[in-house]
Amino acid sequence: MNDSKNPLSPHLQIYRWQISSLVSIFHRITGIINVMGLTIICLWIGLLFFGESRYGLINIFFQSYFGKVFIMGFVWSYSFHLLSGIRHLILDLGYGYEIKIANISGIIVIVGSLALTVLMWLIGRGLI
Amino acid sequence: MVQFNLPQNSKILKGQYFKDKTGSQNLKMVHIYRWDPTKNENPREDTFEVDLDTCGNKVLDILNKIKNEIDTSLTFRKSCAHGVCGSCAMNVDGINTLSCMKSHKDIKGDIHIHPLPHLKVIKDLVADLSTLYRQYESIKPWLKTKKPKSENNEINQTKENRDKLDGLYECIICACCSTSCPSYWWNGEKYLGPAVLLQSYRWISDSRDEEKKERLKMVGDNLKLYRCHTIMNCTSSCPKGLNPAKAIGSIKKMLATN
């Protein structure tokens with residue numbers, strides 16, 4: 001029955017988010033951010049070859065408020081994708097499919113990614 | 001390309017309001033998705049005030065009460081009313097479930113009832129599941145043996161092998177899991193979906209079946225199987241407490257290790 005006059009029932013609009021579905025969609029989003037972030041890091045390293053003035057240019061960006069937010073955002077994105085990736089590997093080995101355990105591991109990924117971000121910030125500031 | 005928004009003809013409009021006429025103090029607001037194929041209109045969301053003092057515990061009781069007492073045109077599928085037939089699968093309070101199993105006492109505030117997500121609506125809460133049934137047929141959900149066996153002899157199975165089917169054979173194909181899966185929403189024509197893959201795994205793990213290899217080969221396809229990204233909406237929605245995500249994971253593991 002592909003009659004176009006029949007409406008499509010609502011899906012994303014009404015479906016309640018679960019921890020497992022949130023972790024899954026953020027795994028994808030952070031994956032895309034990571035590719036973009038890594039590209040920028042590569043460009044940064046590339047600029048090093050063009051001498052100090054060019055390097056200084058991107059350094060100004062990283063020193064700015066926006067630049068710092070960008071870096072911390074990237075650190076979070078990378079941490080999240082790393083932890084979520086480990087979660088997926090464990091699932092692929094056949095463990096952690098019970099909904100309770102999947103939710104706990106999801107929370108570990110979310111909290112862990114924030115903890116790793118703070119840890120990286122502390123290390124970067126030389127506080128640890 | 002994936003379309004996240006609803007098409008123009010599927011946008012939900014504000015519907016009618018059915019005020020309570022019993023004068024009861026114990027009222028529940030129930031919002032129900034409506035669409036009438038005889039009218040050339042968009043779907044709408046009607047609101048009913050339902051008197052809970054004279055209503056059973058389950059969401060299906062509310063629907064029956066509305067149909068019997070308030071609006072006889074409300075359309076929904078139902079049959080056994082105790083979670084065996086799978087007819088009354090719908091989206092209640094944002095999660096797919098069987099309305100006959102779901103207690104409305106567990107829902108705080110208003111109740112929102114929609115048909116199963118991302119399907120063509122036939123009328124009100126009745127949606128078209130023919131794609132899913134076609135996919136179910138495609139996995140050949142029956143015992144396959146190489147040589148025809150005598151009809152007089154049963155095919156024996158050890159207790160251990162029989163135990164492997166627990167958690168699989170109980171599935172009633174109510175489609176709660178498949179229609180909760182975002183991957184199935186976006187690739188419903190090609191991806192088999194959790195319900196059908198769970199059934200596929202049920203036949204793969206049956207010790208009496210002799211076409212395990214062919215079954216694995218048939219299902220081990222980039223789109224049919226690997227569109228599962230372990231989102232796990234299926235497992236969290238299953239009204240029978242089964243675990244389709246685990247079954248799909250087991251098929252993937254079998255394919256990787258065989």
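Me: In this predicted model, what span should the 30 residues of α1(A) have at 1.5 Å a residue, and how far apart are its end C-alpha atoms?
Reply: The expected span is taken as 1.5 Å times one less than the number of residues, so the 30 residues of α1(A) should span 44 Å.

Me: Is A:L22 buried, partly exposed or exposed?
Reply: A:L22 lies in helix α1 (residues 19-48) of chain A, and its C-alpha atom is separated by 18 Å from that of A:G73, 51 residues apart along the chain. A residue is buried if 20 or more other C-beta atoms lie within 10 Å of its own, and exposed if 12 or fewer do. With 14 C-beta neighbours inside 10 Å, A:L22 therefore counts as partly exposed.

Me: What covers the buried residues of α1(A)?
Reply: The buried residues in α1(A) are A:S20, A:S21, A:V23, A:S24, A:H27 and A:T30. Their cover comes from both chains, and it includes α7 (233-237) of chain B together with, from chain A, α3 (65-92) and α4 (99-124).

Me: Which domains does the assignment give for chain B, and how many residues of domain 1 are in contact with domain 2?
Reply: The domain assignment divides chain B into domain 1 (8-127) and domain 2 (130-257). Taken over C-alpha atoms, the centres of these two domains of chain B are separated by 31 Å. Across the contact, 11 residues of domain 2 of chain B meet residues of domain 1 of chain B, whose number is 14.

Me: Which strand gives the most to the side of domain 1 of chain B that touches domain 2 of chain B?
Reply: The residues on that side of domain 1 of chain B divide into nine nonpolar, five polar and no charged. Four residues come from the strand that gives the most to this side, and that strand is β5 (residues 95-98) of chain B.

Me: Which residues are in contact with B:A175, leaving aside its neighbours within four places in sequence?
Reply: Once the neighbours within four places in sequence are left aside, the contacts of B:A175 are B:A89, B:L116, B:L129, B:L132 and B:A195.

Me: In what sense do β4 and β5 of chain B pair, and which residue in the turn has a positive phi?
Reply: Strand β4 (residues 89-92) of chain B pairs with β5(B) over four bridges, in the antiparallel sense, and B:V92 stands opposite B:I95 in β5(B). The two strands form a hairpin with two residues between them, and the turn residue with a positive phi, of about 55 degrees, is B:D93.

Me: Is B:H118 buried or exposed?
Reply: B:H118 is placed in the loop between β6 (111-114) and β7 (121-123) of chain B, and its phi is near 55 degrees, a positive value in a residue other than glycine. With 22 other C-beta atoms within 10 Å, B:H118 is buried.

Notes: Residues numbered from 1 in each chain as written. Chains lettered and ligands numbered in written order. Predicted model: local features only at pLDDT ≥ 70, side-chain atom pairs only at ≥ 80, totals over all residues. Domains from an automatic or database assignment. Contact = placed C-beta atoms within 7 Å. Nonpolar A, V, L, I, M, F, W, Y, C, P; charged D, E, K, R; others polar. Pairing = 2+ DSSP bridges.
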